[in-house]
Amino acid sequence: MNIFATLKARIDAVLGDLMAEGALPQGLDLTRVAAEPPREAAHGDVATNAAMVLAKPAGKNPKELAALLVERLKTLPDVVDASIAGPGFINMKLDDKIWCNALRDVLALGAAYGDGKTGQGEAINVEYVSANPTGPMHVGHARGAVFGDVLSRLLAKTGFAVTKEYYINDAGGQVDHVARALRARYLQALGKLSEEDVQGMLQRKEIMYGGDYLIPVAEALKARDGDKWAGVDDENVWIPPLRDFTVAFMMKLVKDDLLALGVHHDVFSSEKALVEAGKVDDALDFLEKAGLTYTGVLEPPKGKTPDDWEPRPQLLFKATQFGDEVDRPLKKSNGTWTYFAGDIAYHKDKVDRGFNNLVNVWGADHGGYVKRVQAALAALTAGKGQLDVKLCQMVKVLNNGEPVKMSKRSGNFVTMRDLIDEVGKDVVRFIMLTRKNDAPLDFDYARVTEKSRENPVFYVQYGHARGRSVFRHAKDMFPTADLTDPGLAKADFALLKDPDEIGVLRALANWPRTVEGAALAHEPHRLAFYMYDLAAQFHALWNKGNDAAELRFLQAEDQNVSLARLALVRGVGLVIASGLAVFGVEPVEEMR
RNA sequence: GACCCCGUAGCUCAGCUGGAUAGAGCAUCUGCCUUCUAAGCAGAGGGUCGGGGGUUCGAGUCCCUCCGGGGUCGCCA
C-alpha cells in the first residue's frame, strides 16, 4: 500500500539475493537502507542510498556497488528506469500507474487511507492537560490539550492501542490555597466580607486566587450548606470539605472546557486517590528495597539562593544514578511527601497497568522536571519503560499584533473559553498544530480568521471546499455519471497526464509515510504542513485551469477525462478530510 | 553556576531523525486577473543555516566549544 515501504522491501530482497550469491558479504545490516522521495522531482520518483550506506561494510566503493545494484533494480516491478547519481544515489523512475494505484487506494479506503500497523497494537499512554483543578483553563492548557489529543489520534491511526489520560493534582498545597480563596468568596456571598476585603486579602497574599470564577462556586456552596462554615475557624476542619467541593466544581469546569474543545480523556487519575490507596508508600518501599533512597542533605540551589535556605536532612531518591544532575527529595522538611513522590507512585501505577510506552505533554515551565521523572521510571522498570516528555512552549495571544487583555473571569490569563468563543473550536485546534511543540506560538485572532493564503486553516479548508464545489458542478454537467467513490475508481487514470496532476498523485502517495513519520516522532504538526502543501498544489492545479481551459477539471465534451480528474479531486478531498479528522477538525463543504 | 529549549532569507516559520543545487508564506520587484468558486495567479531577486572546531563518502541535522534569546533550579504543583 505504501509505495516507499514496498520498494524498500524489494530493495532489501535484492540485497539479500546479492548476499546469497556471494556478490556481497553475508549479514549486512540493512536498517539504514532507505527508499524515499528525492527532494528534487527531476531526480525521479524514488531514491535509495543503499550503495552509500553499504559501501563501507561491504568493502566496496559506493559507485562500484551502485553499478552492481542498479542493474538489478531496473528489473523490479513498476520500476521503468534506474540510474546512478551524485555520490552514489540510485534514482528510480516508476511507472506513472503506480501513482494511480495510490489514488485507487484513497478512493477505496477513504478516511482509513494512511492507517498503519506500525504500532502493532502496543499499549501507549498519553498523559496531557493535567491542569490543576484550581480554575478555568488557559491558552497554554489549550495547546497541550490539542497536542495530546491529536498525538493520541495519530498514534491510534498508526496502530497503537492508546490510552488518553489526565492526572488530577487534587492532593497538594495548591488545592488548599483554592479552598482558602473559596472561603473568602463564600464569606462574601454571606455578606460577611466586601469585595474590597477580598481584594485586600489577595494583595496581602492571604489568598492566592482572585478570579471571578470562584464566585459561582461560593454561591453553590452557600446554596448547599448555608452558613455552616462561617463560624468554623479551625482550618483543619473547614479546608477538607471546601477543598473537595472546589475540586469537584473545578473538574466539572475543566471537563466542560475540554468538551468545548473536542478533547476527550479515557482515564482520569486522582493524586489524592493514589495517596489514600497507599500507592505512594508502596512505590517508595519499592525504591527503598532497590537501595535507591537515602536520607541526606542537598546543596543549596545555585543562582538565586533563597534567604531562608538552611541545610536539612531529607529522604532523597538517587536520581543521579539514572542521569539526573542531583538526587531529588521525596519528603518535605515537615515529613510529608513531595509532589515528586506522588508522581513516582503515579508513574509506577501506569507501569503496573501495563504501559511501558509513555508520553507526557507538559508546559515548558516544567522542563526542569523531565530528567527526574525519566530517572524514576528507569528505576521502576529497570530501564524497560520509555517516557517521552513533550514540552509545549508559550502561546502568545494577539489581535492584529496587539496583546489581548486578560479576562476578568480568570483573574490574570486568557482562558481557553475566550479563544474558542473568539474563533471557534476548529480554528483553535488547527492553529495550535501549525508549530512544533518546541517553538513558541503566536495566536493572532485577526490572522487566524483571515481569508488568505497566509492563514493555513483557511487555505486548507478552502481546498476542501473547492473540491466539493467541483462535484456540485459535475452533477449538473454529467447527470447520469456514477460519481461515487467506487464509480470514480473505475475512471481511466491514464488520462491524468499533466505534470501537476501527477504531482498531486505523488503527494497523495506520500500521505501514509507522512502519517507514520509524524506518529513515530510524536510530531503532529507535520500533518498541518503536509495539508497546507497538498492544498497549495491543488489550488495551483485549479489556477492552471484559469489560463488553460483544457486543464479544467470538468470538460463538458469529454466525460472520461472529467471522471479521471474528478477522481483526483476527490482523492485530494479525502486526504485533506482524513488529515482534518486526525486534527479533530470538521472539513468545510462550502465557503461562505 | 547548572540543566533544558531555541537561533535557517528583511519578517514569521518548514526542513520527513545524516543525503543531492537548504524550502514555503509575508514583504520587495516584474507581469497577469469581467474566472468551473470569489476572498487572487505566474515569475524574479533575496542565505557564511549564530561563530569556530570535530565525526564521515556526505552535516542545517550528530559531538565539543563559544556567543545571543527564553525557561527552570530544596521544603510549589
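Tutor: Two residues are in contact when heavy atoms of theirs lie within 4.5 Å. The model is predicted, so local features need pLDDT of at least 70 and side-chain atom pairs pLDDT 80 or more, while totals for chains, interfaces and linings use all residues. Residues are numbered from 1 along each chain as written, chains are lettered from A and ligands numbered from 1 in the order written, and side-chain values use heavy atoms, without hydrogens or water.

N125 belongs to strand β5, residues 123-127 (a strand is a DSSP run of E, at least two residues, numbered from the N terminus). Its relative accessibility is 0%, so N125 is buried (under 20% relative accessible area, with a 1.4 Å probe and protein chains only). Leaving aside residues up to four places away in sequence, N125 touches T163, E165, K350, R353, F355, N357, L358 and V359. With E165, the side chain of N125 also makes a polar contact of 2.8 Å (N or O atoms within 3.5 Å, one able to donate a hydrogen and the other to accept it; residues adjacent in sequence count only if both atoms are side-chain atoms).

Turning to the rings, F317, F322, Y339, F340, W362 and Y369 form one aromatic cluster. Rings of Phe, Tyr and Trp (its six-membered ring) pair if their centres lie within 6.5 Å; planes under 30 degrees apart are stacked, over 60 edge-to-face, and the rest tilted. The count is 16 aromatic pairs. In one of them, W362 and Y369 are tilted, at 5.6 Å centre to centre and 55° between the planes. W362 is buried at 11%, and Y369 is buried at 12%.

Definitions and conventions. Helices (H or I, at least four residues) and strands (E, at least two) are DSSP runs, numbered from the N terminus. Buried means under 20% relative accessible area, exposed over 50%, partly exposed in between (1.4 Å probe, protein chains only).
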